[in-house]
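Welcome! Take it one topic at a time.

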Amino acid sequence: MAKDFDLMEDSNRSANPDIHSISALERRQLLQASLGALAQQFFRWSPVALAAGATVACASMPGKGPVLGFDGISASTADRVNVPDGYNAQILEPWGEAVGVPGNMPAWLPDGSNTAADQAVQMGMHHDGMHFYPLDGADHGLLVMNHEYVDDGLLHTDGLKTWSAEKVRKSQASHGISIIEVERQNGQAWRMVRPSKWARRLTATTPFALGGPAAGHAMMRTADDPQGTTVLGTFNNCAAGKTPWGTYLSGEENFRFYFAGGNGPFTEHQKRWGLNKGAFFGWPAHDKRFDSTLHPNEFNRFGWVVEVDPMDPTSTPIKRTAMGRAAHEGAWVAVTQDGRAVVYSGEDARFEYIYKFVSRDKIAPAGNGLTQAQANRTLLDNGVLYVARFDADGTGRWLPLVHGTGPLTTANGFADQGEVVIKARQASDALGGTKMDRPEWMAINPATREVFCTLTNNSARGVGDNPGVDAANPRTKNAMGQIIRWQETGDFDAIAMRWSHLVLAGDPANDRSEAKGNVKGDIFGCPDGLMLDDRGVLWIQTDAHSSEMNKGEFKNIGNNQMLACDLNTGEIRRFLTGPVNCEITGCSLTPDGRTLFINVQHPGESPSDRSDPAQPNKFSSWPQNQFGGVGNRPRSSTVAIRRNDGGLIGT
Ligand code: FEO
Ligand code: CA
Ligand code: CA
Ligand code: CA
């Protein structure tokens, strides 16, 4: 979700260091530092970057074209997708299209009257993180994507007049993950291949296995699952990573909105994880496992990174608990020189943390009749989880979440490693991780061992008794967000790093200094999606909420959008603008660099997050108004973008 919920994302009350622990002079210097100065500083202490020359070399790579070769486009408030001259955009697989399960492909009904059973084999709502998995070449593959949450006002014919068991089932079926087959034949447009043997939906009721130290743990056992080894469903899946062994990693983000804690009293654990009295979605009344007064441990079974093998339609997806429990935005994989996996992730919640996990074992090759995904079925179950601390001098440390070390002892409430990962927030509080401004997506440069992370915003920074600014999160009432980057000192498994800001988002025309930013190029706010392409271009997608877009400090910024950053110069240029009240997300390039898939999430989102079914197109009629189609309910959709001449995207 985009919204910086006033009551919902401020549960970290630990006393970890903030900017008040550094000097006033340092604080001023940090706040005043320009992008250029920070960039120079970064590269001065960046011998790996200079030695590898990776970002510098991109501009002159033969056949790769200029780093940013397109004409930037204007900010827009139009209800359409705009792309630069010379590019075209095509809509693919909007919400409700049948995914292509053989023999079960119900048509989308534009009045919201599809049943829950229909929805369970149709594209979910609110498309989000996504990756392309080639089958043969760059023009045929699988698209795997998350459906983060739903607008119940659009999902049901009469919206949310009442909740019913059928509506809960339909809501659950429109969450989760879709796997679909897509192709582009003979230079034609992209299309879904239906039926497809790979077509699959994973929803809020699909069985998931548990792997890692929380599997079978007492805190994971429920009445329906006394062994604590199988969980029904995944939901609020936000961003996604693609592993080198061919699987899909999806983050379970704002899981707490689905549970009802009633009148309590709440345990300290429930409070720290933000359990509310009531659920935002009306599931607890009709699916009792979401009533935390009856089934308190079900709450612990969400907030994990889940791993899916899209190439094996019969495989059971797995929740990987070794990477810790969090309001996970997503998970992104790097590889050490000796072949171990390092998975970076963050928790998109105010004042929560950035993590990395280093696998114990090396990534196994395919062989002995196993695909590489199958050969690595337990890779992410063993390793060390770390939380990041960003120090004021530009260095940082990775602090291990290992039971029995430091404060993570039985006496302090961590009985074993399972309890450490289930209570990763409390463990990170105890270790002194840095409380961040809502970490969203990450992008990794394997050549320079740099990692970029969007910190989307944090309107509560420095407000009331909330934590004040610190070096990494330098603005009070941070409405605009920033992109932080760090470089490991050595290999990806290093415990030390150097960090700086790539950019503070904002509009220099704003009155408030904290909302001006230092963008060199086209302005934006609330960075969320990130992708680093093979040419060294960092693609940035934005997610300002519909309640704040195009007014106040956002009045010049336009609808949510996508921009490209030339990391050599720091220039940021606007590439795409989305329809009214959408979020732009889900960034994936085909391996030839010639098709860019993005997702338009919740066009026409109501400022209240729930549309009125009597006037569903009050804010937006997209995609029907731009690409045709029936009905007037706006639909989240994938958009395939190509150059008219078939050239490399961005050149
Ligand atoms: Fe689902 Fe943090 O955006
Ligand atoms: Ca959104
Ligand atoms: Ca967001
Ligand atoms: Ca996001």
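A residue is called buried if its relative accessible area is under 20%, exposed if over 50%, and partly exposed in between, using a 1.4 Å probe and protein chains only. This is a predicted model, in which local features need pLDDT of at least 70 and side-chain atom pairs count only at pLDDT 80 or more, while totals for chains, interfaces and linings use all residues. Residues are numbered from 1 along each chain as its sequence is written, chains are lettered from A and ligands numbered from 1 in the order in which they are written, and side-chain values use heavy atoms, with hydrogens and water left out.

**Confidence**

- The predictor's confidence in each residue is its pLDDT, on a scale from 0 to 100.
- Across the chain the average pLDDT is 91, and 90% of the residues score at least 70.
- Residues 4-15 have a pLDDT below 50, and this stretch has 38 contacts in the model beyond near neighbours in sequence; a contact means heavy atoms within 4.5 Å.
- Another stretch with pLDDT under 50 covers residues 17-63, where the model has 71 contacts beyond four places in sequence.

**Calcium sites**

- Donors here are N, O and S atoms within 2.8 Å of the metal (3.2 Å for Na, K and Ca), and sites may look incomplete because water is not among the atoms.
- Glu-440 (OE), Asp-528 (OD) and Asp-543 (OD) coordinate the calcium ion (ligand 3) at 2.3 to 2.4 Å.
- Along the sequence, the donor residues of ligand 3 follow the spacing E-x87-D-x14-D.
- Glu-440 sits in strand S20 (residues 439-445) and Asp-528 in strand S24 (residues 527-532), so this pair ties together parts that are 88 residues apart in sequence. Strands (E, at least two residues) and helices (H or I, at least four) are DSSP runs, numbered from the N terminus.
- Both Glu-440 and Asp-528 are buried.
- Glu-329 belongs to strand S13 (residues 328-335) and Asp-528 to strand S24, so the pair ties together parts that are 199 residues apart in sequence.
- Glu-329 is buried too, as is Asp-528.
- How far apart are the calcium ion (ligand 4) and the calcium ion (ligand 3)? They are 3.6 Å apart, and Glu-440 coordinates both.
- Between the calcium ion (ligand 3) and the calcium ion (ligand 2), the distance is 5.8 Å.

- Six of the six residues of strand S25 (residues 537-542) are buried.
- Val-537, Trp-539 and Gln-541 on one side, and Leu-538, Ile-540 and Thr-542 on the other, are all buried, leaving both faces of S25 covered.
- S24 and S25 are antiparallel partners over four bridges; two strands pair if DSSP finds at least two bridges between them.
- Four residues separate S24 and S25 in a hairpin, and Gly-536 in the turn has a positive phi of about 90°.
- S25 is also joined by five bridges to strand S26 (residues 561-566), running antiparallel.
- Trp-539 stands opposite Met-531, and its bridge partner in S26 is Ala-564.

**A four-stranded sheet**

- Four strands in the order S1-S30-S29-S28 make an open sheet with antiparallel pairing.
- Strand S1 (87-92) and strand S28 (583-589) are the edge strands, each pairing on one side only.
- Strand S29 (residues 596-601) and strand S30 (residues 637-643) pair in the antiparallel sense over five bridges, with Leu-596 opposite Ile-641.

**Cysteines**

- How many disulfides does the structure hold? The number is zero, where a disulfide is a pair of cysteine sulfur atoms within 2.5 Å.
- Cys-565 is buried, with a relative accessible area of 1%.
- Cys-582 is buried at 0% relative accessibility. The closest cysteine sulfur to that of Cys-582 is in Cys-526, 13 Å away, which is too far for a bond.
- Cys-453 lies in strand S21 (residues 450-455) and is buried, with a relative accessible area of 0%.
- Leaving aside residues up to four places away in sequence, Cys-453 touches several residues, including Ile-354, Glu-440, Trp-486 and Leu-530.
- Cys-453 and Ile-354 are 99 residues apart in sequence, while their C-alpha atoms are 9.1 Å apart in space.
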